[in-house]
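Subject: Structure for you to look at

Hello,

Here is the structure I promised to hand over. Please open it before you read on, and keep it beside this email.

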Amino acid sequence: RTLLTAKRNRCVAPALAHTPFHLPSRAYSPPHMRSPFGGAYFENIVPPTNFGFVVVPQQQAYVIERLGKYTRTLSAGWYLMIPFVDKIAYVHSLKEQALVIDRQSAITRDNVTITMDGVLYIKIEDPEKASYGVQNCLQAVTQLAQTTMRSEIGKMSLDKTFEERDSLNTSLVKAINEAADAWGIKCLRYEIRDIIPPETVRESMDQQAEAVRRKRAQISESEGVLQSDLNIAEGVKQSMELKAEGEAKAILMKAEATAKAVKLLAEAIEEDGGEEAISLRVAEQYVEAFGKLAKEGTTMLLPSNTADPGSMVAQAMTIYSKILDKKKED
């Protein structure tokens, strides 16, 4: 009847520790040690009764007391014990355990109240310290994680809590290990699950994020316009360079052609009848030049005697003869 009552009320009667029945090892979490998310904070194993022969399951440790004093710690295996003299005082699980840290409020360095929760992963390394170093080691490390989280959050601004979550987890693990070393517990890692700022802060953050997105869009658009202008300017520059290069080549080719023509003309003058041919050619160009002046311009330049074309030709030949005589003297 006592066993059925204990199961129905989900508690263990203190008198059961002295009954002659062997109670199986099982996990039990009292109501005040349960998580609001449905799971238990930690695994609390009820110590079995000593009948003289004990089998320790894998990844468990039994802390033995003899006449109320600690004597030894039993690891996995089977052991012979003295009934009523040796007592299994504590049973600890050596597996890694995940402790759910309830949601709690914390104030950042810039005076913003945020709500956050997390998961603490711990492992018992020294069952003796875990049994006698503190009243309830797992509950103590849970409370320590909560207070340490508040302390670390108070050192950071709101923006840093989102940006440096990894460094915050590392700082929490370091601080917890320093305090929990005397309890035989090692904190393996701490993971922050949710960081919930107030509604007004979330609205401000959304507006800030929208402003940042608009700023990036404007910057991208201006960079596109700038790149377009640069491309157009570069195209105009290359076009002008190619045009100037083409004009330079045309001038060079024209100069080379003129030089060849002059050279051929000079060679032709040296031959028989060359002077008469050049004189005729000069006279033709002289007359042609005066004809172009009359057609193209409104102002006309005429020689003193326009009625006598022969004098015009004679004048041109005189100029040519002077040039030819000067060349021979050189």
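Is Y90 buried, partly exposed or exposed? With a relative accessible area of 30%, Y90 is partly exposed. That value falls between the cut-offs: buried means under 20%, and exposed means over 50%. One caution before the rest: this is a predicted model.

Start with the sheet. Three strands make up an open sheet, in the order β5-β4-β7. Their pairing is antiparallel. As background, strands of a sheet pair through backbone hydrogen bonds. The edges are taken by β5 (69-74) and β7 (86-93). Each of these has a single partner strand, so one of its sides is left without a neighbour in the sheet. From one strand to the next, the twist averages 25°.

Now look at β4, residues 60-66, and its partner β7. The two run antiparallel and are joined by 7 bridges. To find one of them, go to R66: its bridge partner in β7 is D86.

Next, the rings. The structure has 3 aromatic pairs. Take Y70 and Y132. Their ring centres are 5.8 Å apart and their planes stand at 70°, so this pair is edge-to-face. The cut-off for that label is over 60 degrees. Y70 belongs to strand β5, while Y132 belongs to helix α2 (residues 127-132). The pair therefore ties together parts that are 62 residues apart in sequence. Both tyrosines are partly exposed: Y70 has a relative accessible area of 26%, and Y132 has 37%.

Y132 also pairs with Y90. This pair is edge-to-face too, with 5.6 Å from centre to centre and 85° between the planes. Y90 sits in strand β7 and Y132 in helix α2, so the pair links distant parts of the chain, 42 residues apart.

What do the ring pairs make of Y70, Y90 and Y132? They link these residues into a cluster. Find Y132 on helix α2, then trace the ring pairs to Y70 and to Y90.

Last, a charge and a ring. Look for R189 and Y121. The charged end of R189 sits over the ring of Y121, 4.2 Å from the ring's centre.

Over to you.

Best wishes

Notes
Residues numbered from 1 in each chain as written. Predicted model: local features only at pLDDT ≥ 70, side-chain atom pairs only at ≥ 80, totals over all residues. Heavy atoms only, no water. Pairing = 2+ DSSP bridges. Helix = DSSP H or I, 4+ residues; strand = E, 2+ residues; numbered from the N terminus. Axes fitted to C-alpha atoms, helices over the stretch in contact; angles between N-to-C directions. Phe/Tyr/Trp six-rings, centres within 6.5 Å; stacked < 30°, edge-to-face > 60°. Buried < 20%, exposed > 50% of the residue type's maximum accessible area, 1.4 Å probe, protein only. Lys NZ or Arg CZ within 6 Å of the ring centre and 35° of its normal.
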